[in-house]
Amino acid sequence: MRARPAIFYTIVFFILLPIYFWIQPSIRPATALEQREESLLNLSGGIDAIAVSSGSESLRFQKTKDGKLYELVVPPGKFVPHDLMDAMVALLTTAKSVEVVSEDSNDLAQFGLDHPKSVLTIEAPGKPQPIKIAFGNENPTHTAIYAQIEGIPKVFLLGQNIEYYQSLMFQWIEGKQGKNA
């Protein structure tokens, strides 16, 4: 092979290379993809009480007077393990961010929030009004549930742990824990 074509192609390569990088769109790594996320709750002061209602059933647990544990106060005479109540509180107080699936939802039916499956009411120190979170349907992949905080038009996507804890609590109240409910 002669040197002349090799030199020509080398020169053309070095001329076209900067043009390629100039017109090539920048590609972000997968970790840099932006996802619309927001802080769910600002409960740095903790939680005083939580009420969960699902259909005609409801329960409420609150901090004991010494502030160390949570006790079930409604329905009276029923039992839910302390670690289950602590797990629910920890899940809510440590929630850093959630995915926002709708900024302003006029059609709550598509998320199952027109008739929520359950409603969680949180009383926290420093909050003048209780925080109410409505829970709707599962997402299509069945990995999370749709939720909306009362007074905020945004619809969030939350992990199913919170729904799982709620169902376990109701199983304990109904006496179905540890059985095929």
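Modeller: A residue is called buried under 20% relative accessible area, exposed over 50%, and partly exposed in between (1.4 Å probe, protein chains only). At 23% relative accessibility, Arg-60 therefore counts as partly exposed. This is a predicted model, in which local features need pLDDT of at least 70, side-chain atom pairs count only at pLDDT 80 or more, and totals for chains, interfaces and linings use all residues. Residues are numbered from 1 along each chain as its sequence is written, and side-chain values use heavy atoms, with hydrogens and water left out.

Colleague: How many salt bridges does the structure hold?

Modeller: Side chains of opposite charge can pair when their charged atoms come close. A salt bridge requires a side-chain nitrogen of Lys or Arg within 4 Å of a carboxyl oxygen of Asp or Glu. The structure holds two. In one of them, Arg-60 pairs with Glu-123, with 2.9 Å between the closest N and O atoms.

Colleague: Which parts of the chain does the pair of Glu-123 and Arg-60 link?

Modeller: Helices (H or I, at least four residues) and strands (E, at least two) are DSSP runs, numbered from the N terminus. Arg-60 belongs to strand 3 (residues 57-63) and Glu-123 to strand 6 (residues 118-123), so that distant parts of the chain, 63 residues apart, are linked. Glu-123 is partly exposed, at 30% relative accessibility.

Colleague: With which residue does Lys-154 form a salt bridge?

Modeller: Its partner is Glu-103, and the closest N and O atoms are 3.8 Å apart. Is Lys-154 buried or exposed? At 18% relative accessibility, Lys-154 counts as buried, while Glu-103 is partly exposed at 39%.

Colleague: How many aromatic pairs are there?

Modeller: Rings of Phe, Tyr and Trp (its six-membered ring) pair if their centres lie within 6.5 Å; planes under 30 degrees apart count as stacked, over 60 as edge-to-face and the rest as tilted. The structure holds six such pairs. Among them, Phe-13 and Phe-14 are edge-to-face because their planes stand at 75°, with ring centres 5.2 Å apart. Phe-13 is partly exposed at 47% relative accessibility, and Phe-14 is exposed at 54%.

Colleague: What is the geometry of the pair formed by Phe-79 and Trp-172?

Modeller: That pair is edge-to-face, with 5.5 Å centre to centre and 75° between the planes. Phe-79 lies in the loop between strand 4 (70-74) and helix 2 (82-93), and Trp-172 in helix 3 (residues 161-174), so the pair ties together parts that are 93 residues apart in sequence.
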